Amino acid sequence: MTTPRAGTHYPRSVGELHAWFRTDADCLDYLEWLRWPAGFVCSECDHHGGWRLGDGRFMCSGCGGRASVTAGTIFDRTRTPLTVWFSACWLFATGKDGIAALSLKRTLEIGSYQTAWAMLHRLRSVLVRPGRDRLAGVVEVDETYIGGEEPGLSGGRAKGKKILTGIAVEVREPRGFGRCRMLPLADASAAALHPFVKDHVEPGARIITDGWQGYSGLDKLGYVHDRRSQRAARASDEDPGKLLPAVHRVVSLAKRWLLGTHQGAVDDAHLPSYLNEFVFRFNRRHSRSRGMVFYRVLELAVAHDPVRYRDIIASHRSRAVPPTPPRARGHPPSLERPPANRPWRSVDRPSSG
Ligand SMILES: [Zn+2]
């Protein structure tokens with residue numbers, strides 16, 4: 001497996017981003033290279049091969065079906081130009097803390113807050129790669145309530161519901177953390193915690209938890225279970241909060257991010273997707289290049305089903321004025337094919353990782 005190279009597979013800087021992607025045709029060409037590295041594949045019949053039509057779409061040489069490279073992706077049926085999408089993706093992927101909808105609207109001069117908000121939600125919706133690797137090695141696991149907090153309310157009054165969230169964090173020797181996972185849990189019973197662990201941690205890993213009974217029985221699921229009792233910590237004058245230092249670190253970073261970047265304006269229905277964004281960025285915090293993260297987001301984006309705006313707003317009731325869904329369909333009318341001078345076209349696409 002080759003690793004994507006800066007300046008060839010993805011832009012190194014915002015200057016390079018704008019130089020590469022001047023028009024929607026440039027963006028379409030890049031998405032095409034990401035989605036179909038070995039040429040067009042029909043999503044209807046899985047046939048390989050087809051013709052490019054005058055409007056930039058492809059016609060399947062198997063079933064005759066027509067499709068654009070954005071069909072079935074988060075860029076499907078959007079009236080926002082792809083150049084704006086690429087800039088939004090760059091800010092989302094390369095910012096240390098991502099970007100809030102209001103900042104995105106102002107920075108890219110997007111017409112409405114609702115459009116900017118929906119773009120970020122579409123980007124968030126692709127971040128969990130199906131079949132991603134489970135955590136391994138030594139893993140701290142805990143559960144805690146997240147969300148429902150708003151800054152500036154007197155007495156730290158909680159508004160909205162907090163969501164019980166499972167957290168798993170790899171612990172590195174001698175120090176430091178690896179990857180993490182954060183997902184909502186139905187409750188703190190073994191019936192909810194055991195599947196959380198099984199879904200996200202490789203068998204054979206050493207799992208560190210507190211003494212909560214919901215974790216009993218992990219040793220029977222193929223894990224080495226290291227239980228740390230809070231009572232014992234108190235008795236030996238240790239801080240019980242330090243029992244699971246990796247979990248506590250990750251939870252406090254996530255809460256700070258929700259309150260800082262997003263000003264606590266995250267409702268329960270959307271908290272899971274914000275947690276996905278937090279985890280995605282946390283797990284790539286050591287990426288050599290931020291542009292690589294941009295590449296990974298677009299790579300995931302062309303592999304996913306589209307997220308319809310109405311699905312996103314289905315349970316979004318916190319705004320007085322409901323967002324108006326986009327009406328226009330199809331691509332912006334940028335049909336000329338891209339010039340030959342494209343760095344990514346000179347190389348094979350690295351396999352995903
Ligand atoms: Zn076909």
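**A zinc site and its surroundings**

Cys63 is partly exposed, with a relative accessible area of 43% (buried is under 20%, exposed over 50%, partly exposed in between; 1.4 Å probe, protein chains only). This is a predicted model, so local features need pLDDT of at least 70 and side-chain atom pairs pLDDT 80 or more, while totals for chains, interfaces and linings use all residues. Residues are numbered from 1 along each chain as its sequence is written, and side-chain values use heavy atoms, without hydrogens or water.

**The big picture**

- The protein has eleven helices and eight strands (DSSP runs numbered from the N terminus: helices are H or I with at least four residues, strands E with at least two).
- Out of 353 residues in the protein, 45% come out as buried.
- Take the contacts between residues at least 6 apart in sequence, and 63% of them link residues at least 24 apart (a contact is heavy atoms within 4.5 Å).

**Zinc and cysteines**

- Which protein atoms are the donors of the zinc ion? They are the SG atoms of Cys42, Cys45, Cys60 and Cys63, sitting 2.3 to 2.4 Å away from the ion (donors are N, O and S atoms within 2.8 Å of the metal, or 3.2 Å for Na, K and Ca; water is not among the atoms, so sites may look incomplete).
- The angles between the four donor atoms run from 103 to 116°, so the zinc arrangement is tetrahedral (for four donors, all angles between 85 and 135 degrees). For comparison, the ideal angle for four tetrahedral donors is 109.5 degrees.
- Along the chain, the zinc donors follow the pattern C-x2-C-x14-C-x2-C.
- As for burial, Cys42 is buried at 4% relative accessible area, whereas Cys45 is partly exposed at 36%.

**The three-stranded sheet**

- β1, β2 and β3 form an open sheet in the order β1-β2-β3, with antiparallel pairing (strands pair if DSSP finds at least two bridges between them).
- β1 (50-52) and β3 (66-67) are the edge strands: each has a single partner strand, so one side of each has no neighbour in the sheet.
- β2 (residues 58-60) and β3 are antiparallel and joined by two bridges; Met59 has Arg66 of β3 as its bridge partner.
- The loop from β3 to α3 (82-94) holds Gly72, which is partly exposed at 26% relative accessible area.
- C-alpha to C-alpha, Gly72 is 9.7 Å from Ala301, although 229 residues separate the two in sequence.

- β4 pairs with β5 in the antiparallel sense through nine bridges, and Val139 stands opposite Glu170 in β5.
- With β7 (residues 206-210), β4 pairs in the parallel sense over three bridges; here Val138 stands opposite Arg206.
- β5 (residues 163-171) and β6 (residues 177-184) run antiparallel and share six bridges, with Val169 opposite Cys180 in β6.
- Five residues lie between the strands of the β5 and β6 hairpin, where Gly176 takes a positive phi near 100°.

- What does Ser273 contact, leaving aside its neighbours within four places in sequence? The partners are His121 and Arg124.
- Glu299 sits in α10 (residues 290-301) and is buried, with 9% relative accessible area.
- Between Glu299 and Arg35 the C-alpha to C-alpha distance is 7.3 Å, and the two are 264 residues apart in sequence.

Note on methods
Tetrahedral: all angles 85-135°; square planar, octahedral: opposite > 155°, others 65-115°.
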